[in-house]
Amino acid sequence: MPRDGGFIGMLGKIKEAIQGRLYKKCMNEYERALRCQTDPYLLWIKENEQAGGRDSNEEQRPRFDIAYMEECGRDFSLVGFDKEYVLFVSEEGRIAADVYHEIPQYFDQHKDVNIVYADEDTWMLETQKEVDRDLVNDESAHRIFPWTKPMWSPDTLFSFLYFGNIFAVRREAYQDVKWLGDSDYRKNIYDFVLKATERGRRPGHIEKILFHTYEKGTSREEIEDRLMHRTDFIGVGKTYDFIREQAFARRGLTGKMVEDAQTGITYPVYELPNQPLVSIVIPSKDNPEVLKQCIRSIYAHTDYPNYEIIVVDNGSTARVRIGLENFRQECSFTYLYLPMEFNFSAMCNAGVREAKGEYILLLNDDMEVIEDSWLARMVGHASLKHVGAVGAKLLYPGSTKIQHAGITNTIYGPGHKLKQLDDSVSYYYGRNRFVYDLIGVTAACLMMRRDYFLAFGGLYEGLAVAYNDVDLCFRICGKGLYNVQRNDVVLYHHESLSRGDDLQDENKLKRLRSEMEVLYKRHAKLCRKDPFIGTLLNSGEPEYACRWLERYELFNIFDADDMLAESKKLPPLESMNQAIMIRVEDCGRENFAKAVTRNGQKKKTYYLIKGWAYVPGVDNARYQFKILLVNSIGKVWELPVQRRYRKDVAAILPDEKHVELTGFCNWIFEGALPPDTYALWMTAKDGCSRQRLYRSMEKTLTIE
């Protein structure tokens, strides 16, 4: 008896141990799925790095030498290396496993590139022990805050070392570059990169996460907030200005660095000795007080001495016209009265044809100048040969709230990042602080050479109201020139005073969508793409935050048919444990708004089964759910549930355990099942035992 009892006890312990391991496996899978569905970046990692990286050991990098930036001091020299490439990385982080494959592959495929940089992210570490380990695994650190860098951006680089903590060079291409030899490695690295990128070949950009910086802390929110508002990067501040001034001389430019006393950030001011004429073109109609405020502010706050103002009026009333003619006695300007239907492009083009200046500035009539050096800074930057359009930062009147800090080409169309956010702090690597190259700037305040403007054909008059500035900027980028956002040039924008807010008017919103279609027909390759921000961040939200994958609600849709499989018949009804609770929210035939293509075959029609389900009174992390489809003769197909995060369900079931992933959303493409009317069931298998639950959805699905 004692022996039997001991044997039974031993079996019990073995069973408990097995169940413990099985439960741990279930929890790991559940927590991973939950993290991926509540953190879009982790979903990106899963989808884009799921194949796994290559082992980053010495044998994997026969073509590499590594130069740790912190060791690039006074006596550093590329001559001391003998490998084909030199990889510069910070010691304060970890190289991604794929780096030794990705960088040589990039150089092999781009023979004209001698220097390349890559994206990076942050590993959140809780203890010093994790920092000291040679490798940090996914269980001891949480990857957060991806830094997706722009394509080659010369003006951004002049602001700070946006290459970040990782870049690589062909050793032979730069071993003759004179080393600065400062005791501060940061100055040496910044000087080296400026010199290296002056050699005529554009640097390359690998749009993959190849480096992980370390950040210690127990609060993800605190770490991300700190990272979001940082500005203390290599190259920032007057301590680096002597390096930039040497670059001025090497490049044959006349200029100086000017410090913003409030932020400590310095900005290049390019000087033009001959001070060429700038023609300021202002379209306006029936907004006399707003226009007068704009013109008065120009005269009150412009230290650049050589400019003219041209007002293009497309048909103000006689009273307004007489008033503006009288106002010319107070503030001189050329007044073009050209009655026509409102067409911003045509009005600007008409003003430019009248202009005598070497440079033109398109300016809304609802702008207010508030700082004296604005025009000098803009015209100086527009004089650089590689620059197309130059824009300014716009704030809402009398506030520090951002209205515009550059155009981003988002998945929903051209948009303004950081709109409505407070400019008193910096955002995402100084996007509202530094001088940045961007895909576009707003024509509410846009400077460029007149000959460039005319060579591009001016603003496209087929876009009468919206996106004409974006269209021009897209054409500028297409010719290899750069659009530059000068965040040190700040004006007030009395937005919507001229023609209202398009998004609040149904007819205007319809017209806005129509003009967006015209824009992308003219620039199909740029639809939903922005090389100055990358695919990871081009959401339509104002914040710089990782967006969900394309059609996130439909992710894994292409695997739906592959997962559909024939199954055993249902057990007898009387033997079923029907403890599952189900709510079906959608069930039937759907159509994609756009055709979805797979392997060259377009599939437009699918059947959707959507809702939520859970097992009451138990730990739902233990269960794997499947949908069962039973045809009219009892044949069964099974489809693994595509789990979805349902915060709303978790909120109404506070006493249930692990019900955050109770949502399901499954698709069946037309043709995947024979035509019939199918009864729908849900089954749940306990991952820690043999228990299997069933429940009818009390719905049918008719496959046509």
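How many bridges join strand S4 to S6?

## Basis of the model

This is a predicted model, in which local features need pLDDT of at least 70 and side-chain atom pairs count only at pLDDT 80 or more, while totals for chains, interfaces and linings use all residues. Residues are numbered from 1 along each chain as its sequence is written, and side-chain values use heavy atoms, leaving out hydrogens and water.

## Strand S6 and its partners

Three bridges join S4 (residues 115–125) to S6, and the two run antiparallel. Strands are DSSP runs of E with at least two residues, and helices are runs of H or I with at least four, numbered from the N terminus. Two strands pair if DSSP finds at least two bridges between them. Ile115 stands opposite Val169 in S6. Strand S2 (residues 85–89) also pairs with S6, in the antiparallel sense, over five bridges; here Tyr85 has Arg170 as its bridge partner.

In S6 (residues 166–170), five of five residues are buried (under 20% relative accessible area with a 1.4 Å probe, protein chains only; over 50% is exposed, and in between is partly exposed). Ile166, Ala168 and Arg170 point one way, and Phe167 and Val169 the other.

## Nonpolar cores

A nonpolar core is a set of buried Ala, Val, Leu, Ile, Met, Phe, Trp, Tyr and Cys residues joined through side-chain atoms within 4.5 Å. The largest has 115 residues, of which Phe88, Phe167, Phe192, Ile280 and Trp374 touch the most other members. Helix H7 (residues 185–196) gives the largest share, seven residues. Another core, of 25 residues, lies apart from it and includes Tyr623 and Phe625.
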